[in-house]
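Hello,

Here is the structure I promised to pass on to you. My notes on what turned up in it follow below.

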Amino acid sequence: MQTSYERIMAHNGLCDFKKLIKQWSALSSNMKDTYSGAPIILPDIFLVSDSGTGRSHLLELLSDFLSEHDNLINFYGDVKYFEFMLNYCPKEQPFTEIQRLMDEVDNAAGFRSEYRGIIYIDIDEWRGHSEERHFLDFLEYLSDNSDDWLVILSVANRDEEQRNKMEALISSFLRIEKIVIAKPTVDELVSFIAARLSAYGLKLLADAEALVREDIEVLYRNKYFDGFKTAKMLAQDISYQAYIDNGDKKELERSDLAVFEPNGDYINRMLAKIERTKFIGFSAK
């Protein structure tokens with residue numbers, strides 16, 4: 001079985017992320033067993049990403065890697081990571097987001113006295129408002145309270161001038177490492193699905209791979225498409241259905257995947273599910 005490091009390095013794309021993981025792998029090796037409950041030595045992350053890069057997939061890879069390198073972070077709580085949307089609050093209104101984050105940290109800790117883990121925070125609503133008092137208070141709170149957290153502050157890959165201003169401001173409160181992740185291509189997603197199917201002992205023949213490519217192209221056109229997350233679900237559903245419909249057949253033809261035709265009910269349901277995600281809050285893992 002591949003290690004988390006091997007899975008990350010075998011991944012298509014994610015160049016900045018891979019570079020960071022290589023550095024952290026070397027750091028872990030050099031530190032050996034020196035972790036003793038001291039504050040996390042890792043810098044926080046300023047993440048710039050396109051829509052559809054698959055934040056949940058990225059967090060899964062990162063948390064798996066850090067679990068296998070436990071001298072970098074000692075996870076403690078009910079979950080290894082959770083996701084939080086920092087809602088914009090106009091400066092003339094009360095700022096309630098710090099308390100809301102504190103409540104989420106308590107939820108992540110569960111019955112334990114504290115939470116140690118990853119917190120992914122989407123700060124994109126504060127683009128153009130980063131110098132307002134509320135946002136500065138939030139950064140000060142993170143600076144004072146995040147010794148046991150690896151914080152990922154995420155913004156969309158647009159409006160470079162405002163994004164750079166946010167980065168400069170954040171760096172005055174936190175030690176940060178910037179990584180940029182582009183939206184995966186159709187080819188990368190098809191390869192990802194093929195690799196997932198291989199883990200279940202299945203292989204796509206040429207016409208079946210063409211069908212999967214058509215599916216991804218249809219899904220890709222939706223602006224809320226969460227690339228790797230949806231691709232993972234598609235791979236799982238194909239594997240599940242293939243073993244139900246085709247017995248122990250390992251090499252799949254297009255005719256074996258009739259349920260997944262791009263104009264069929266399955267893809268239409270998937271599109272509806274993608275649309276609904278814009279109304280659903282972030283989750284813990």
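Helix H4 (residues 97-109) packs with helix H5 (residues 133-145) at an angle of about 30°, their axes being 10 Å apart. The contact brings Ile98, Leu101 and Met102 of H4 to Asp137, Phe138, Tyr141 and Leu142 of H5. By class, this contact of H4 with H5 has six nonpolar, no polar and one charged residues.

Before you read on, please note that this is a predicted model, in which local features need pLDDT of at least 70 and side-chain atom pairs count only at pLDDT 80 or more, while totals for chains, interfaces and linings use all residues. Residues are numbered from 1 along each chain as its sequence is written, and side-chain values use heavy atoms, with hydrogens and water left out.

Helices (H or I, at least four residues) and strands (E, at least two) are DSSP runs, numbered from the N terminus. Axes are lines fitted to C-alpha atoms, for helices over the stretch in contact, and angles run from 0 to 180 degrees between N-to-C directions. Contact means heavy atoms within 4.5 Å. Ala, Val, Leu, Ile, Met, Phe, Trp, Tyr, Cys and Pro count as nonpolar, Asp, Glu, Lys and Arg as charged, and the others, Gly among them, as polar.

Now to helix H7. Val186, Glu188, Leu189, Val190, Phe192, Ile193 and Leu197 of H7 are buried (under 20% relative accessible area, with exposed over 50%, partly exposed in between, 1.4 Å probe, protein chains only). These buried residues pack against helix H3 (55-68), strand S6 (203-204), helix H8 (206-220) and H9. After H7 comes Gly201, with a positive phi near 80°.

H7 (residues 186-199) and H9 (residues 227-245) pack at an angle of about 40°, with axes 9 Å apart. The two helices are therefore oblique to each other (angles under 35 degrees count as roughly parallel, over 145 as roughly antiparallel, 65 to 115 as roughly perpendicular and the rest as oblique). Leu189, Phe192, Ile193, Arg196 and Leu197 are the H7 residues that meet H9, where their partners include Phe228, Ala231, Leu234 and Ile238. The residues of this contact of H7 with H9 divide into nine nonpolar, two polar and two charged.

With H8, the axis of H7 comes within 10 Å and crosses at roughly 130°, which makes H7 oblique to H8. Val186, Asp187, Leu189, Val190 and Ile193 in H7 meet H8 residues, among them Glu209, Val212, Arg213 and Ile216. This contact of H7 with H8 has seven nonpolar, no polar and four charged residues.

- Asp159 lies in the loop between strand S4 (149-156) and helix H6 (160-171). Asp159 has a positive phi of about 50°, although it is not a glycine, and is partly exposed, with a relative accessible area of 37%.
- Lys165, in helix H6, is partly exposed at 43% relative accessible area. Leaving out residues up to four places away in sequence, Lys165 touches Ser130 and Glu131.
- Gly77 sits in the loop between H3 and strand S2 (81-85).

Best wishes
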